[in-house]
Amino acid sequence: MADTVWIVLQQRDGALHRMSREAIAAGRQLADATGGTAEAVLLGAGVGALAEQVAAFGVTAVHVADAPALEDYTPGAYVGALAPAIREAAPAYVVFPHTYQTVDYFSRLAQETGAALLPEVTGFEAGDGGLVWSRPILGAKLVSKVKVKGDGTVLVSVQSGAFSADETGSGSAQVGALPGDLSGLTADREILEVQEVAGDTVDLSKADVIVAVGRGIGGEDKMGPVEELAKLLGADIGASRPVIDNGWLPRDRQIGSSGQTVAPKLYIGLAISGAIQHTVGMKGSQTVVVVNKDANAPMFNLADYGVVADVHEFLPAFIEAVKAAKGA
Amino acid sequence: MNIAVCIKQVPDTEARLRVRSDGRWIEEEDLPFKINESDEYALEEALQIAEATGGEVTVYSLGPDRVKEALRKALALGAAKAVHLKDAAFEGGDALATGRALAAALAQGQHDLVLTGSQSDDVGYAGTGSVIAGHLGWPHAWLVMGVDVEEGGASAKVTREMESGMNEVFRVALPAVLEIQAGINHPRYASLKGIMQAKKKPIADKAAADLGLGADAVGVAGSRLEVLSVAFPESGEGAELIDAPPEEAAKILVEKLQKEARVL
């Protein structure tokens, strides 16, 4: 029997998470590579209309688990719905978008079903004795190549931006019910509320120029030259997560997966190493300048212009050069 | 409340990294190690909850001899005792194998709550805490930004980070495994008194056999993932590196931003 690839889509209030389309692209490539079929899995309450949409995304089937207990996401109900279905249908792969929600429950799903757990992949290639997967390690400074040992289902999550959502095709797949009994699903959380973290937020999404700082800036007291540069350039100041966690800048300055997504004409990253949690929020920038003393910082991979230098030595010179250019 | 915290000792990623000669991991000799960042926040959260509820914190870590240093630091910060999962068989496990070992060790203790960090800064599987919860049959939550133990200690109000600046607040029954996100609190520094006291606090070593686990159930043998190689990524396409002293590099950069990119 051909290898079945399931793609578990993420939706909220009937709308797909943007990375769900990337997961479909990954699942279809995986099905092509293994001679299998790509089939979508959708969980929720009253998601029939969304299932019909998904049927046109180039999958051969859409398996829907539709139950009141799946209206709000909880790991208890999601694992409860998926685990029996995975045991019964034994798909070769189950592909997930690597979102915060996926990571919250899919490791537990692997533990419960005895499946292999392969988180945060950025690609795969055919190797001797099976597929070889790439995933970032050590803050994305290195890439690890891994393979899966043993038989049975593999749960794999795909990193944001690793597979192009444009590759999702067309068609009209059969929509059916996910195998398993959904009547006994129980939530293991009582959802109380959803809050916005930064209330009176600075909107960085429309900024033309952003000067962003990372942990390597070294402290709140080192921000003077950064502020001077930002003022000269008419830029907004942003930051990667460690700067926020250390309290050097307020949370509404955070760029990345738990902060804002920006797309300025000019992005200047100072002492930012380039962890995916940050880069996912600034990939859309037009011109990217990176200054870091570590030549191996993954941030340089996204740069149009890179300077390997200590930020504190480079900034005064850069400020003078900008002043000279503006004055001319 | 008696609370267990699982911490991992990881390479300091700010250090200069080299690929090991067999190509499967980085060279660890002369490499500085530290407690994983989110695990430090988990430890601080555990200490605060134990202080507020009148309990003690037990810290668990899996790894080679060097891990004792991380455990001593946790004891200096205020943990009462430590358990070191120390066995060559434990090494190199994926989240499933490491979670299995830690769950077996935790099951031998009496804990009302288990905290872990949300993700290790080295391999970054981000699943060990959830796997532990599965083995223990407890609820869990990942990327936790707030823990509020409710009256009687039977439940906790938990804040979980979602994407795009949103948090979800929910109630879970205790005991539970909560996987803490960096930034939830402000970790304390060890006092001299704490460091002195830590020397007298007990650290129990546990091998796989002590936990009733076969060597094939843990570490590399018990893992479903096999690391074939690690490497630095190929440097960026199109990235133009300006290699000059600061003053000159600054001038070149400004010129390029003006004339090539036309953004200044």
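Reader: At what angle do helix α3 (residues 75-89) and helix α4 (residues 100-113) of chain A pack?

Author: This is a predicted model, in which local features need pLDDT of at least 70, side-chain atom pairs count only at pLDDT 80 or more, and totals for chains, interfaces and linings use all residues. Residues are numbered from 1 along each chain as its sequence is written, while chains are lettered from A and ligands numbered from 1 in the order in which they are written. Helices (H or I, at least four residues) and strands (E, at least two) are DSSP runs numbered from the N terminus; axes are lines fitted to C-alpha atoms, for helices over the stretch in contact, and angles run from 0 to 180 degrees between N-to-C directions. The axes of α3(A) and α4(A) are 9 Å apart, and the angle is about 40°.

Reader: What does that make α3(A) in relation to α4(A)?

Author: Angles under 35 degrees count as roughly parallel, over 145 as roughly antiparallel, 65 to 115 as roughly perpendicular and the rest as oblique. The angle here is about 40°, which means that α3(A) is, relative to α4(A), oblique.

Reader: Is the crossing of α3(A) and α4(A) left-handed or right-handed?

Author: A crossing is left-handed if the near helix is turned anticlockwise from the far one by less than a right angle, and right-handed if clockwise. The crossing of α3(A) and α4(A) is right-handed.

Reader: How do the residues of the contact of α3(A) with α4(A) divide by class?

Author: Two residues are in contact if their C-beta atoms, placed from the backbone, lie within 7 Å. Among those that meet are A:Y78, A:L82 and A:I86 in α3(A), and A:Y105, A:R108 and A:L109 in α4(A). Ala, Val, Leu, Ile, Met, Phe, Trp, Tyr, Cys and Pro count as nonpolar, Asp, Glu, Lys and Arg as charged, and the others, Gly among them, as polar. The division is eight nonpolar, one polar and four charged.

Reader: How far apart are the centres of domain 1 of chain A and domain 2 of chain A?

Author: Domain bounds come from an automatic or database domain assignment, which for chain A gives domain 1 (4-177) and domain 2 (209-327). The centres are taken over C-alpha atoms, and the distance is 34 Å.

Reader: How many residues does the contact take from domain 2 of chain A?

Author: Domain 1 of chain A gives seven residues to the contact. By class, that side has two nonpolar, four polar and one charged residues. From domain 2 of chain A the number is eight.

Reader: Which element gives the largest share of the side of chain B that touches chain A?

Author: In the contact between the chains, 66 residues of chain B meet 69 residues of chain A. Elements that give two or more residues on the side of chain B include α3 (95-107), β7 (140-149) and α6. The largest share is nine residues, and it comes from α6(B).

Reader: How far apart are the axes of helix α8 (residues 311-327) of chain A and helix α6 (residues 246-259) of chain B?

Author: Among the residues that meet are A:F314, A:A317 and A:F318 in α8(A), and B:A250, B:L253 and B:V254 in α6(B). By class, this contact has 11 nonpolar, one polar and four charged residues. The two helices pack at an angle of about 45°, and their axes are apart by 8 Å.

Reader: Why is helix α2 (residues 67-77) of chain B largely enclosed by the rest of the structure?

Author: A residue is buried if 20 or more other C-beta atoms lie within 10 Å of its own, exposed if 12 or fewer, and partly exposed in between, with C-beta atoms placed from the backbone. In α2(B), the buried residues include B:V67, B:L71 and B:L75. The helix is largely enclosed because, of its 11 residues, the number buried is eight.

Reader: Is B:R16 buried or exposed?

Author: B:R16 is in the loop between β2 (9-11) and β3 (33-35) of chain B. Its C-alpha atom is separated by 8.0 Å from that of B:L31, 15 residues away along the chain. Because B:R16 has 10 C-beta neighbours inside 10 Å, it counts as exposed.

Reader: How far apart in space are B:E29 and B:T53?

Author: B:E29 is also in the loop between β2 and β3 of chain B, and it is exposed, with 6 other C-beta atoms within 10 Å. In sequence, B:E29 and B:T53 are 24 residues apart. In space, C-alpha to C-alpha, the distance is 42 Å.
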